[in-house]
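Thanks for coming. Please put the sequence and the structure up on the screen, and then I will go through them.

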Amino acid sequence: MKKLFLAIVLFTGVTAFAQTAYEKAMTEKVAKVENHLSADDFTALSNDFIRIGDKEKTQWLPYYYAAFATIQKGRIAMREGKTADLDPIADQAQKFLDKASEISKDNAEILILQKMVHGLKMMVNPQQRFMSEGMLAAEALSKAEKLDPENPRITLMKAEDTYFTPEQFGGSKTRGLDLFQKSLDQFKVYPIKTTLDPNWGKAEADYFLANKP
């Protein structure tokens with residue numbers, strides 16, 4: 001009986017340690033995802049998340065954040081005008097998202113990143129790819145909204161699209177700023193299940209509202 005009790009205690013202790021190790025590793029890496037890192041730093045961060053995910057095997061968040069870090073790398077390339085780099089970066093992010101989707105089906109957060117991946121691919125040639133990648137991006141965001149209509153990151157994506165789309169194509173900086181404000185309001189009340197769950201985006205909304213044209 002004593003041996004059985006000792007075995008249970010040891011098993012519980014090892015399990016708790018494993019969970020703590022996972023959460024500790026993830027917390028350290030997640031804290032960096034919104035930092036102003038270089039493209040190489042985002043690559044390294046993505047690789048760190050993949051190592052965590054491959055070790056855990058049943059957690060979708062490491063693959064999700066690997067995709068997010070890769071998308072952030074793509075956004076740097078986009079800002080620098082390196083459109084030739086966007087397809088391979090988006091393809092890499094897609095691989096990570098596919099792994100996350102295999103573990104967590106019908107996940108609004110994953111669909112938001114799916115929208116962003118299609119957005120990167122569209123920016124290679126917006127005129128040629130709007131009807132393909134642009135439509136796929138809109139479809140992914142629509143699916144996310146049906147699953148989680150009050151998610152502030154969905155509103156943030158709408159704000160970006162509205163703000164940066166020329167008025168002759170239906171965009172509006174004024175309406176974009178209104179959506180950034182709506183996103184901030186949603187951030188104030190949106191429930192976060194755990195400290196590891198996606199919580200990015202507020203800083204971007206704050207930035208645009210603080211720098212109104």
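Predicted model: local features only at pLDDT ≥ 70, side-chain atom pairs only at ≥ 80, totals over all residues.

Now the chain as a whole. Written out along the sequence, that gives α-α-α-α-α-α-α-α-α. Taken along the principal axes, the C-alpha atoms fill a box of roughly 75 × 35 × 30 Å. The chain has 213 residues, and 43% of them count as buried. If you take the contacts with a separation of 6 or more, 65% of them come from residues 24 or more positions apart.

Next, the pair of helices. Please find α7, residues 152-164, and α8, residues 173-189. Their axes come within 8 Å and cross at roughly 165°. How do the two helices run relative to each other, parallel or antiparallel? An angle over 145 degrees counts as roughly antiparallel, and α7 and α8 are therefore roughly antiparallel to each other. The crossing of α7 past α8 is left-handed. By class, the contact between α7 and α8 has eight nonpolar, five polar and six charged residues. On the α7 side, the residues include Leu156, Ala159 and Tyr163. On the α8 side, they include Leu177, Phe180 and Phe187.

Phe180 takes us to the core. The largest nonpolar core has 51 residues, and Phe180 is among those with the most contacts inside it, along with Met26, Leu113 and Trp200. Which helix gives the most to this core? Helix α3, residues 61-79, does, with 11 residues.

Let us stay with Trp200. Which residues does Trp200 touch, leaving aside its neighbours within four places in sequence? The list includes Tyr64, Phe68, Leu113 and Met116. Trp200 also contacts Arg153 and Leu156, both of which belong to the α7 side of the helix pair. Phe187 is another contact of Trp200, and Phe187 sits on the α8 side of that pair.

Last, Asp40, which lies in helix α2, residues 39-56. Is Asp40 buried or exposed? Exposed means over 50% relative accessible area, and Asp40 is at 63%, so it counts as exposed. Asp40 and Lys73 are 33 residues apart in sequence, yet their C-alpha atoms are 8.0 Å apart in space.

That is the end of my part.

Terms used. Residues numbered from 1 in each chain as written. Heavy atoms only, no water. Axes fitted to C-alpha atoms, helices over the stretch in contact; angles between N-to-C directions. Helix = DSSP H or I, 4+ residues; strand = E, 2+ residues; numbered from the N terminus. Parallel < 35°, antiparallel > 145°, perpendicular 65-115°, else oblique. Left-handed = near helix turned anticlockwise from the far one by under 90°. Contact = heavy atoms within 4.5 Å. Nonpolar A, V, L, I, M, F, W, Y, C, P; charged D, E, K, R; others polar. Core = buried A, V, L, I, M, F, W, Y, C linked by side-chain atoms within 4.5 Å. Buried < 20%, exposed > 50% of the residue type's maximum accessible area, 1.4 Å probe, protein only.
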